[in-house]
Amino acid sequence: MSSSSTGECHSTATASHTPPESISAVANSLNKAQSPALRAQTPVKLRASSPAFKPSPAKNRQPSGTASAGNSQLRLAPAFKPQPRQPEEQQAEGSSIKGHAQVLPAFANMEVASDSCIERPADPGNEDFFMKTPPTHTGQPPYMLPVNHFAVDEQLRRMLVLEMHAMSSVSASDLPAQVHSYHSLSPQETVDVFGASFPIRQHQIKAQSIADGRCYSLHRITGTRPASKSALGAVDKWKTVQSPSIAQVYEAFTTRAFGDNSLVIVHELKPLTASLKSQIVDAGVQVPEAFLWSLVLQLISALRTVHSAGLAVQTLSVSTILLSPTNRVYLNSCGLADVLAMHSSPNMDAAQQGDLQAVGHVLSMILGTSAENHMVVQGQTSVVVPGAGFSTDFKELFGYLNHRLTPVVAIDDILRLAGSRLFVELDAARRESDLLCDNLRLEMANGRLVRLVCKMNFITERADGVVDLEWAETGDRYLIKLFRDYVFHHVNEAGRPVASMAHVIGNLNKLDAGSPEKVMLMSQDEKSCLVVSYEEIKRCIEEAYQELIAPTQAWR
């Protein structure tokens, strides 16, 4: 609840752990927040939707086809865009934004998870998981703002809560209690990394660091050792590589805590993410062209950062690319090829060319999930090519990445082929930034009220003998105590306690602003009654607090 809220908070707590059904509910509700051009498509059995591009309106750039593969499709989530606060009546109608140039945030129309998809705990008051949207009041005057105007967007809040819950939860397993300086190990995804002549099985484990308390992703490779004693130092070069599309590398070590010789590389943890292989390829999901353009541009951005540092990934595949609920893409196995020395004396230029070729292979794996993208030539095996629903630009990009146009692939050429889609991706990032900033402004001042409450409690009800004999709840301090009782110990006409957040937040806001408005304060025995302004109460609190913390004050 924001510090400026004037309405009472209505909340309902739910599950104490994140069941798979709740994440699926968020993904399904995210699918409902699509652009009008994609609403006719069927929902996807995926964790979330994509904030990728909108198809270009040019004649030679048609949106991708809508044919299904395995009765599942990837729904395109439009780019983030902050929306003006609408009147409560319009919000209740659930009307979408008009106009083809406007798009909805990826979480704009997410529905509150129903009772059927959330396991409710025995005591729902112990968990702040999802909060019900406040009810609408049709008779509210137009000059009064709705309650949710003063709080962070509920759908954004829900997504952040899911991420925090995923970070803090620990799954039952037979993993050791502690490995190196990490504890609370929880298994995640297991993938095969194809960076050598044989696949390498990589177990991803979420763990918490003893040093800083943050959660990390431990990539464990069983039954292997570094190529040499100095090979572990290869990750030092990756520590300085930072990109929004890379799960950063922190350290590498060997351990026998798992009962064998295991190599562990520590990466940044991306909550609620999974590999492209599990979310798209194995699920047989057909994706729209706009998602593929966003995927390519995010990968190229990451590879540009890696190649500029004089490094090469060498393990890029659908198994090592993570996809988030908002369709952010992350490279997730950087440094593994350097530690294991998968390629003896590699040529860096050839290795970087291999990374760009791997992007084309990733596109082939994704397109291969649809029969429309397979072409059979007489006497030859089936070849993956973009179907008729893809634009000419994308077909040219696909042929370029798969060496059908030139033997050498360059990042600058890929960017030229992307053309105006770069601006669409940039606009999407800025819309998301604006939306997050708009919601941050609603919560940034909450600390003011906490400071006021702390100061009042520092001053009132101090234990006997702690301070000197001159300190007593008289004068200004008595006034502060009466105001504390008025705010937090308020009762109605029947003598019953009033637990109203609107009453508390409204009075604290007036106190913080030093309002000249007057308020009547009465003692509990009703023998004392004072009429003072909030400005006078604020002055009393500041003077008493300064006297309390004064270094010259002689306390016992």
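# Reading sheets and helix packing

User: Which strands form the open sheet of six, and in what order?

Analyst: The general idea: strands of a sheet pair through backbone hydrogen bonds, either parallel or antiparallel. Here six strands form an open sheet, ordered S3-S4-S5-S6-S8-S7, with antiparallel pairing. Strand S3 (178-179) and strand S7 (249-255) are at the edges, each with a single partner strand, so one side of each has no neighbour in the sheet. Strands are DSSP runs of E with at least two residues, helices are runs of H or I with at least four, and both are numbered from the N terminus. Two strands pair if DSSP finds at least two bridges between them.

User: What kind of model is this, and how are residues numbered?

Analyst: This is a predicted model: local features need pLDDT of at least 70, side-chain atom pairs count only at pLDDT 80 or more, and totals for chains, interfaces and linings use all residues. Residues are numbered from 1 along each chain as its sequence is written, and side-chain values use heavy atoms, with hydrogens and water left out.

User: How many bridges join S7 to S8?

Analyst: Six bridges join S7 to strand S8 (residues 262-268), and the two run antiparallel. Thr 254 stands opposite Leu 263 in S8. Phe 253 has Val 264 of S8 as its bridge partner. The hairpin of S7 and S8 has six residues between the strands, and Gly 259 there takes a positive phi near 95°.

User: What is the strand order in the open sheet of three strands?

Analyst: The order is S9-S10-S11, with antiparallel pairing. Strand S9 (274-275) and strand S11 (329-331) are the edge strands, each pairing on one side only. S9 pairs with strand S10 (residues 321-323) over two bridges. Ala 274 is opposite Leu 323 in S10. Helix H6 packs on this sheet and touches S10 and S11. The direction of H6 makes about 35° with that of S11.

User: At what angle do H6 and H9 pack?

Analyst: Start with the convention: axes are lines fitted to C-alpha atoms, for helices over the stretch in contact, and angles run from 0 to 180 degrees between N-to-C directions. Helix H6 (residues 289-308) and helix H9 (residues 392-401) pack at about 45°, with axes 11 Å apart. That makes H6 oblique to H9. Angles under 35 degrees count as roughly parallel, over 145 as roughly antiparallel, 65 to 115 as roughly perpendicular and the rest as oblique. Contact means heavy atoms within 4.5 Å. Glu 289, Leu 292, Trp 293 and Val 296 of H6 make the contact with Asp 393, Phe 394 and Leu 397 of H9.

User: And at what angle do H6 and H10 pack?

Analyst: H6 and helix H10 (residues 411-418) pack at about 155°, with their axes 11 Å apart. That makes H6 roughly antiparallel to H10. Residues of H6 in the contact include Trp 293, Ile 300 and His 307, and those of H10 include Ile 411 and Leu 415.

User: How do the axes of H12 and H14 cross?

Analyst: The axes of helix H12 (residues 446-459) and helix H14 (residues 501-513) come within 10 Å and cross at roughly 85°. H12 and H14 are therefore roughly perpendicular to each other. Among the contact residues are Leu 449 and Met 456 of H12, and Ile 505 and Leu 508 of H14.

User: What span should H8 have?

Analyst: The expected span of a helix is 1.5 Å times one less than its number of residues. The 20 residues of helix H8 (residues 348-367) should span 28 Å, and its end C-alpha atoms are 29 Å apart, which agrees.
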